[in-house]
Amino acid sequence: MKKYDYLIVGAGLFGSIFAYEATKRGKKCLIIEKRDHIGGNCYTQNVEGINVHKYGAHIFHTSNKKVWDYIQQFAEFNRFTNAPVARYKNELYSLPFNMLTFNKMWGVITPEEAAAKIQEQIAKENITEPTNLEEQAISLVGREIYEKLIKGYTEKQWGRKCTELPAFIIKRLPVRYTYDNNYFYDTYQGIPNGGYTAIFEKMLENIEVKLNVDFFAEREYYENLAEQTVFTGMIDEYFGYQFGKLEYRSLRFDNEILDTENYQGNAVVNYTEAEVPYTRIIEHKHFEFGKQEKTVITREYSIEYQDGDEPYYPINDQRNNEMYAQYKALAEQQNKVIFGGRLAQYKYFDMHNIIAEALDCVEKHFGEN
Ligand SMILES: Cc1cc2nc3c(=O)[nH]c(=O)nc-3n(C[C@H](O)[C@H](O)[C@H](O)COP(=O)(O)OP(=O)(O)OC[C@H]3O[C@@H](n4cnc5c(N)ncnc54)[C@H](O)[C@@H]3O)c2cc1C
């Protein structure tokens, strides 16, 4: 008999839900986490009374009622609605593209006028088969929106010119001929009152968690402590990079505390011109309608991923997907290890996706569906 039923590697959303559900079913779990805190990328830290999203803005949204009901047991959510603003030089535009955007850009008033203007712009370019992202975007929304609101931002995000990026990255660009500037289409949306970390504290209340422990530094020791492992770290690292290293895009966050009550009037402002090096500024207090005397802002930079950086966004191109398929095949042969979460599945997941995945994994694992 081993000391624990499950060793869980990673105290992010997937690992924490698995641990919570397994514990509820009478199992004994140990979580190890290499960072000095729980919560994974959802982690929020209280600074000057403001919950700062340390790994990028996290807005909860879902249309899955089961997921929404599930997360409510750990927190109450406020009515925050994501309505980002784009700043191009000294012009401000409403996002996602909607009637407010078109009015500001061209002075058009009615949906009909806006649609005609966009069609006129698209027709002028006469692009029949887009060969790169630039042509693709122009063929969907015309040159003016592309140049002011898409080009610079996309080039910063990918670190490459839009003319060098494949067209398929942008399949469609939602254009709304209404005044609806709610970024998400989902039924439910909000920010947990008190930040995300409190959710994890509640989930892990009765579970043993060891922080600052990297699984790979003491792998054998920890694996031997438990009957089974739930692994939410990087799948290529788990298998010793034997098929090569999966690629990511990374981010750098520069946080600043300012002696002002309100810096930009909105939680998210995207900087769409190429000359500004960051992609966006987050002002955290606006996620919770904060009235503190100070404010905390984060400038977000998109950067090339190098060893040791945080692996934020998988680059799901053909080469990486094929490599991942090889790792996945190996993972399926491990009968004492469950691989879950964004890093082990090499896929970008929103929080609601991870909750659905984790609950599904739990139900299958414990033979409940
Ligand atoms: C910039 C950014 C913005 C986002 N915004 C949103 C949003 O607005 N809305 C939304 O729904 N979702 C958002 N997400 C997605 C959200 O962060 C993920 O869905 C969620 O964090 C995934 O949970 P996870 O458990 O899979 O991974 P993680 O949160 O990454 O947790 C994995 C944990 O495992 C630990 N770990 C890894 N390797 C080891 C090891 N060897 N030993 C010990 N511990 C290890 C890591 O330190 C980490 O804590 C965003 C993501 C990013 C990057």
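Leu7 stands opposite Thr229 in strand 10. The model is a predicted one, in which local features require pLDDT of at least 70 and side-chain atom pairs count only at pLDDT 80 or more, whereas totals for chains, interfaces and linings use all residues. Residues are numbered from 1 along each chain as its sequence is written, and side-chain values use heavy atoms, with hydrogens and water left out. Helices (H or I, at least four residues) and strands (E, at least two) are DSSP runs numbered from the N terminus.

Strand 1 (residues 4–9) and strand 10 (residues 226–231) run parallel and are joined by five bridges; two strands are taken to pair if DSSP finds at least two bridges between them. Both strands belong to an open sheet of five strands with the order 9-2-1-10-16 and parallel pairing. Its edges are strand 9 (208–210) and strand 16, each of which pairs on one side only. Direction ignored, neighbouring strands of this sheet are turned by 20° against each other on average.

An open sheet of seven strands shows mixed pairing, in the order 7-6-12-13-14-11-15. Strand 7 (91–94) and strand 15 (313–314) form its edges, each pairing on one side only. Strand 6 (residues 85–88) runs antiparallel to strand 7, and four bridges join the two. Within this pair, Arg87 stands opposite Leu92 of strand 7. The loop between strand 7 and helix 3 contains Pro96, and the peptide bond from Leu95 to Pro96 is cis, with omega near -15°. A further backbone feature is the positive phi of about 55° at Glu48, which is not a glycine; Glu48 is placed in the loop between strand 3 (44–47) and strand 4 (50–53). Most residues other than glycine have a negative phi, and most peptide bonds are trans.

The axes of helix 3 (residues 99–106) and helix 6 (residues 143–158) come within 12 Å and cross at roughly 105°. Axes are lines fitted to C-alpha atoms, for helices over the stretch in contact, and angles run from 0 to 180 degrees between N-to-C directions. The two helices are therefore roughly perpendicular to each other, a class that covers 65 to 115 degrees, with angles under 35 degrees counted as roughly parallel, over 145 as roughly antiparallel and the rest as oblique. In contact (heavy atoms within 4.5 Å), Thr101, Phe102, Met105 and Trp106 of helix 3 meet Glu144, Ile145, Lys148 and Leu149 of helix 6. The residues of this contact divide into five nonpolar, one polar and two charged; Ala, Val, Leu, Ile, Met, Phe, Trp, Tyr, Cys and Pro count as nonpolar, Asp, Glu, Lys and Arg as charged, and the others, Gly among them, as polar.

The structure holds one cavity of 30 Å³ or more. On a 1 Å grid over the protein atoms alone, a cavity is a set of points where a 1.4 Å probe fits but cannot get out, and a pocket is an open set with protein on both sides within 12 Å along at least five of seven lines; lining residues have an atom within 4 Å of a point. Grid points are joined across faces, edges and corners, and a volume is the space filled by probe spheres set on the points. The second largest pocket has a volume of about 400 Å³. Helix 11 gives the largest share of the lining of this pocket, five residues.
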